[in-house]
Amino acid sequence: MKKILTFLLLAITLPAFADDADEQAIKQIIADIKYGWENGDGTPFRQHFLDFEGARYVESGGQNEGLDDLVTHHVEPEKDALEFLSLDFANIDVHFEHNFAWALANTRVKGKVRKSGKTFDKAGYQTFLFRKIDGSWKVVHTHSSSRDYKPKK
């Protein structure tokens, strides 16, 4: 009995390590989100984000409250506001603990504002938080931070 209790205690307290399929699923979600941002398409967000009361998505000092706010006031309007948008997530590092995961990525964002013709080139970091619900990973929070890109000399 003592061995069983010890095993159960260890199973509960040790972090759960996901398999390669979970990591690939999360990286595919991030690729789908990249596509959504670049194309002003809210579909990947509605498919992969958990829509819940209190959801907040933070980007460079601003935030969207709730999934609908993110999609209708940020993702989709950028399609018309920007002549182009290029987003790159690199060095994606995924961590798991039971039915929770987080991914960190280096980001590079380039674009051109249609109205003013101004171009931008930013680099920074992105954090994604995930929960596994009914066998699928869902984004529950994102946070990005970037500044003007300055190549290392």
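Me: What makes Trp37, Phe45, Phe49 and Tyr57 a cluster?
Reply: Ring pairs link Trp37, Phe45, Phe49 and Tyr57. Rings of Phe, Tyr and Trp (its six-membered ring) pair if their centres lie within 6.5 Å; planes under 30 degrees apart are stacked, over 60 edge-to-face, and the rest tilted. By this rule there are seven aromatic pairs. The model is predicted, so local features need pLDDT of at least 70 and side-chain atom pairs pLDDT 80 or more, while totals for chains, interfaces and linings use all residues. Residues are numbered from 1 along each chain as its sequence is written, and side-chain values use heavy atoms, without hydrogens and water.

Me: Why is the pair of Phe100 and Trp102 called tilted?
Reply: The ring centres of Phe100 and Trp102 are 5.8 Å apart and their planes stand at 35°, so the pair is tilted.

Me: Why does Phe100 count as partly exposed?
Reply: Buried means under 20% relative accessible area and exposed over 50%, with partly exposed in between (1.4 Å probe, protein chains only). Phe100 has 32% relative accessibility, so Phe100 is partly exposed.

Me: How do you know that the charged end of Arg108 sits over the ring of Tyr149?
Reply: The rule asks for NZ of Lys or CZ of Arg within 6 Å of the ring centre and within 35 degrees of the ring normal. The charged end of Arg108 sits over the ring of Tyr149, 3.3 Å from its centre.
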